[in-house]
There are 2 protein chains.
Amino acid sequence: MDMVRIAAGQINPIIGDFEGNCRKMEEAAKKAREAGCRLVVFPELSVSGYPPRDLLERRSFIKDNLNAVERLMENIQGIAVLLGYVERNGEPGENNLYNAALLFEDGRVLHKVRKRLLPTYDVFDERRYFEPGSESKPVMWNGVRLGITICEDMWNDKEVFESRKYRVDPVADLCDQGVELLINISASPFNTGKPAFRESLIASVARRHKVPVFYVNQVGGNDSLLFDGASLGFYSDGTLAVRAESFVEDLLVFEPKETSPQRIADVPACVEEEVYRALVMGTRDYVTKCGFKKVVIGLSGGIDSALTAAVAADALGAENVSTVFMPSEYTSSDNDEDTKGLAENLGCHFDVVPIAPMFDAFLGASDIFCREEHGITEQNIQARVRGTLLMALSNKTGALVLTTGNKSELAVGYCTLYGDMNGGLAVISDVPKTLVWDISRFINRNGEVIPQRIIDKVPSAELRPDQSDQDELPAYEVLDAILHAYVEQVKAPAEIVAMGYDAEVVADVVRRVEINEYKRQQAAPGLRVTAKAFGYGRRYPIAKRIA
Amino acid sequence: MDMVRIAAGQINPIIGDFEGNCRKMEEAAKKAREAGCRLVVFPELSVSGYPPRDLLERRSFIKDNLNAVERLMENIQGIAVLLGYVERNGEPGENNLYNAALLFEDGRVLHKVRKRLLPTYDVFDERRYFEPGSESKPVMWNGVRLGITICEDMWNDKEVFESRKYRVDPVADLCDQGVELLINISASPFNTGKPAFRESLIASVARRHKVPVFYVNQVGGNDSLLFDGASLGFYSDGTLAVRAESFVEDLLVFEPKETSPQRIADVPACVEEEVYRALVMGTRDYVTKCGFKKVVIGLSGGIDSALTAAVAADALGAENVSTVFMPSEYTSSDNDEDTKGLAENLGCHFDVVPIAPMFDAFLGASDIFCREEHGITEQNIQARVRGTLLMALSNKTGALVLTTGNKSELAVGYCTLYGDMNGGLAVISDVPKTLVWDISRFINRNGEVIPQRIIDKVPSAELRPDQSDQDELPAYEVLDAILHAYVEQVKAPAEIVAMGYDAEVVADVVRRVEINEYKRQQAAPGLRVTAKAFGYGRRYPIAKRIA
């Protein structure tokens with residue numbers, strides 16, 4: 001292989017924004033050329049953004065995507081381009097599309113690659129849309145024998161995965177034919193620990209096949225899915241050569257034959273930082289890609305809404321975050337001060353709207369509601385009055401409501417549908433409560449952002465006198481451990497009991513998870529930060545019997 | 001082929017209720033034996049119910065399903081059984097399960113069949129879970145050469161489908177090997193026109209291959225999906241021999257060699273009856289399978305809530321349906337009388353709860369709300385007060401809230417999230433407004449159930465003075481036609497304009513559909529009665545650009 005300098009255009013596309021995505025690619029190509037690169041590589045489906053979901057069923061969408069490729073082939077000169085796009089399948093097959101990659105240079109198509117391993121699990125539905133490619137062929141470009149794969153194609157290495165999901169290994173197929181540089185274009189969503197695992201996987205691929213690897217990932221949030229970027233280059237001995245920034249757009253230059261140090265951007269130092277940065281990016285992208293600028297958040301004085309506000313202020317600027325405190329007779333006196341302190345620390349607008357007049361009006365609406373003793377009905381009314389107020393503020397100001405529930409409470413239904421669940425985006429709905437605390441402490445590492453009292457106080461819904469979460473739920477360390485085993489690891493209750501948890505507690509948690517499926521199916525989209533989030537990656541029936 | 005008498009056990013399973021489903025199958029087998037049958041056939045995945053969705057990812061669920069099969073093999077004697085179950089895949093494959101059929105008799109396994117064509121489109125996710133079977137083999141049973149297929153396996157006939165979805169045709173494969181009777185076990189969801197199309201498909205298969213066909217379908221509602229049953233037997237010349245009842249459980253006896261008349265149950269006589277019966281079944285099953293007995297419905301005086309109440313009363317008995325009328329200052333005086341008249345006609349409990357006190361309390365909560373002129377904010381507050389009242393009544397009485405929005409308004413977002421969209425089930429959310437009227441007239445065919453004035457009045461949200469739907473939306477005949485083309489037929493705006501619709505109107509409707517995706521993703525599950533419902537069969541991004 002001759003000396004070659006190539007670049008990753010780690011872009012943050014908007015789904016279906018062909019004009020905007022093309023502009024980003026043209027700019028990146030220009031910069032790459034100016035940096036002396038001979039090839040610029042873009043992520044999987046970079047032309048349309050990933051995942052386009054059922055937009056792929058629209059013929060006009062496919063046509064727009066092909067037109068965009070033509071435009072890029074015309075506009076980008078003087079540098080070769082490898083990009084991801086949707087190819088029409090002319091052959092008879094189950095699906096009439098391919099998830100494809102195209103290599104072109106100066107208006108001439110040099111090579112096409114079709115994704116062979118189509119993930120169809122969790123949040124992925126690729127078999128719904130695409131026909132798998134049937135072969136892998138290296139391509140000679142500029143004196144270099146390239147092996148090109150698309151995302152999942154690289155995730156079937158027999159030495160990395162104990163049991164492989166697929167029967168074929170496109171990377172091995174390519175390397176068997178002789179390859180001097182492997183390139184993988186990806187849209188690989190983030191979850192905790194994934195960036196590190198990905199690096200070890202790619203290092204192993206490079207080492208095993210004795211070939212440098214260039215890995216180009218999408219960055220940005222598209223609804224629930226967060227892409228961390230962190231594109232990578234590895235030398236043929238498996239050592240890391242280059243790494244792009246995480247959670248932001250970047251242009252990463254890689255020289256596979258170079259041995260002197262190249263740019264290796266830092267990755268987040270701990271899980272708290274990793275998730276925090278993912279949430280900030282995901283919030284910013286959801287809000288702005290939906291065409292909003294401002295958000296409004298109800299602050300309770302508790303940790304969940306505090307973390308949500310801190311994330312939003314970082315994502316959008318404090319001037320674009322309105323907070324409102326909606327106390328009731330059950331609100332403890334600390335919370336007035338704590339919410340105000342938080343808003344001051346963040347620099348956000350802060351309002352107070354007591355809910356008593358509306359709550360009283362509801363209690364008077366029917367004699368089946370009870371002014372004296374507040375059961376579930378009256379507790380829910382309070383949450384729904386607050387939810388309605390937030391939506392009214394949203395309607396008046398054009399600010400998107402961010403909802404503040406965490407994963408633990410969403411799992412067991414410890415939340416009010418049409419109440420505190422109201423909002424366009426559930427910022428921390430995939431963050432377990434124990435991690436909510438950890439991230440809040442991380443935010444405060446260099447000085448108090450979230451008032452310490454908010455972090456220290458005993459969690460309470462404050463919907464009846466002297467309420468505490470832990471009177472109604474197991475301790476959060478126990479709850480989160482059981483939920484992790486049941487929801488993420490898909491363990492059976494008996495297996496969780498065998499891990500050392502109380503059988504009755506496990507049964508109660510499992511029962512709550514199952515009977516509250518109806519709430520989650522009406523929940524706002526949430527930012528996915530674990531390997532198994534509620535939302536469209538977890539598809540359970542509502543009407544069912546659970547053993 | 002010798003004379004043989006066989007039966008379809010057209011059962012209504014509950015997902016995951018292995019005990020209950022086994023009991024149903026044992027009872028059906030007993031009845032079939034008593035009717036002189038030598039074989040009883042149950043639907044696809046009859047042991048677990050279809051669709052189990054991600055419950056299939058739980059090892060304990062698969063084990064329970066296998067235990068259920070063992071129990072049935074032990075308990076059912078003196079008659080052969082063909083059932084649907086989940087088989088573990090011991091071979092290396094992408095997925096470790098098969099969607100399978102098992103033929104057994106007196107405790108002995110005679111034959112196994114694995115589904116080859118795995119639908120992965122619309123509401124179907126079978127590639128997410130299953131490995132396709134690789135071959136089709138006939139089996140000799142009781143002197144008859146049987147060809148057994150599972151649901152989609154029969155839906156690839158080259159003479160019926162202009163362009164076939166799959167490369168293989170399991171039915172043709174079997175018939176090429178010589179088959180005396182084809183049996184297909186299905187869980188084929190209903191949509192308008194589907195039962196008639198299905199009959200023409202099966203008739204064609206019988207005729208083309210000159211072989212009798214026995215088609216056994218699941219019946220009942222599982223969340224959004226409605227299965228109409230209507231199991232069928234065709235003679236080898238393609239004439240209909242037997243048909244089971246639609247929308248209820250049935251045991252259907254079929255003698256493939258008989259030529260004298262057998263039982264052919266009626267099917268619904270028109271689309272209105274077809275959809276009405278589907279809605280009644282779907283409402284009953286969702287409510288009862290979720291463990292509820294009663295429902296509560298907000299009546300506005302409009303046609304949507306009237307139809308919903310009529311369906312509910314038929315599904316659950318009028319004594320289990322509570323209705324509540326929640327007037328405001330904008331409610332026209334007719335509606336008091338009309339809602340009361342409807343409740344009387346149906347025999348439902350009827351309450352009146354005026355919303356003024358709550359509405360006024362909200363308007364006073366912040367000086368950004370306006371007492372005088374009511375914009376979107378104030379309109380939404382009214383809807384949300386009503387939604388909160390309904391949920392409070394639900395909490396107090398244990399009745400499930402049924403929400404009443406139709407497909408046309410859900411499509412364009414002419415509804416209030418956390419307001420009139422509140423509820424556990426959206427009964428008519430897949431029924432276009434024009435069909436809502438047609439079904440209401442159908443209900444009144446033998447006398448007034450829904451007061452005529454409700455059918456005749458001009459539709460209005462009644463959230464501000466002199467409001468009318470048609471001031472804010474195109475005429476419903478136009479709107480529904482455009483929506484049918486855009487949502488169900490997935491046509492591009494230009495194609496719809498070419499059909500003769502105004503370009504501006506088309507653009508406006510399309511824009512509304514797209515910007516309101518966020519509302520639909522938080523909507524209650526709705527009963528699917530068209531070929532493309534909103535819900536999990538239609539998966540669109542929220543943050544996107546639309547050309």
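**Chain and domain interfaces in a predicted model**

Chain A of this predicted model splits into domain 1 (7–265) and domain 2 (274–469).

Q: How much area is buried between domain 1 of chain A and domain 2 of chain A?
A: Over C-alpha atoms, the centres of these two domains are 39 Å apart. Contact involves 16 residues of domain 1 and nine residues of domain 2. Carbon and sulfur atoms give 64% of the buried area, which is about 1100 Å².

Q: Which element gives the largest share of the side of domain 1 of chain A that touches domain 2 of chain A?
A: Across this domain interface there are zero salt bridges, and eight residue pairs are in polar contact. The largest share, four residues, belongs to β10(A).

Q: How much area do chain B and chain A bury between them?
A: The contact draws on 86 residues of chain B and 85 residues of chain A. Carbon and sulfur atoms account for 53% of the buried area, which is about 7600 Å².

Q: At what N to O distance do the side chains of A:Arg59 and B:Glu495 meet?
A: The interface of chain B and chain A holds nine salt bridges. A:Arg59 and B:Glu495 form a salt bridge. A salt bridge requires a nitrogen-to-oxygen distance within 4 Å. For this pair the N to O distance is 2.8 Å.

Q: Which helix supplies the largest share of the side of chain B that touches chain A?
A: Helices of chain B that each supply at least two residues include α2 (59–75), α6 (271–289) and α10 (376–397). The largest share is 15 residues, and it comes from α10(B).

Definitions and conventions:
Residues numbered from 1 in each chain as written. Chains lettered and ligands numbered in written order. Predicted model: local features only at pLDDT ≥ 70, side-chain atom pairs only at ≥ 80, totals over all residues. Heavy atoms only, no water. Contact = heavy atoms within 4.5 Å. Buried area = accessible area lost by both parts, 1.4 Å probe. Domains from an automatic or database assignment. Polar contact = N/O pair within 3.5 Å; in protein donor to acceptor, adjacent residues only side chain to side chain.
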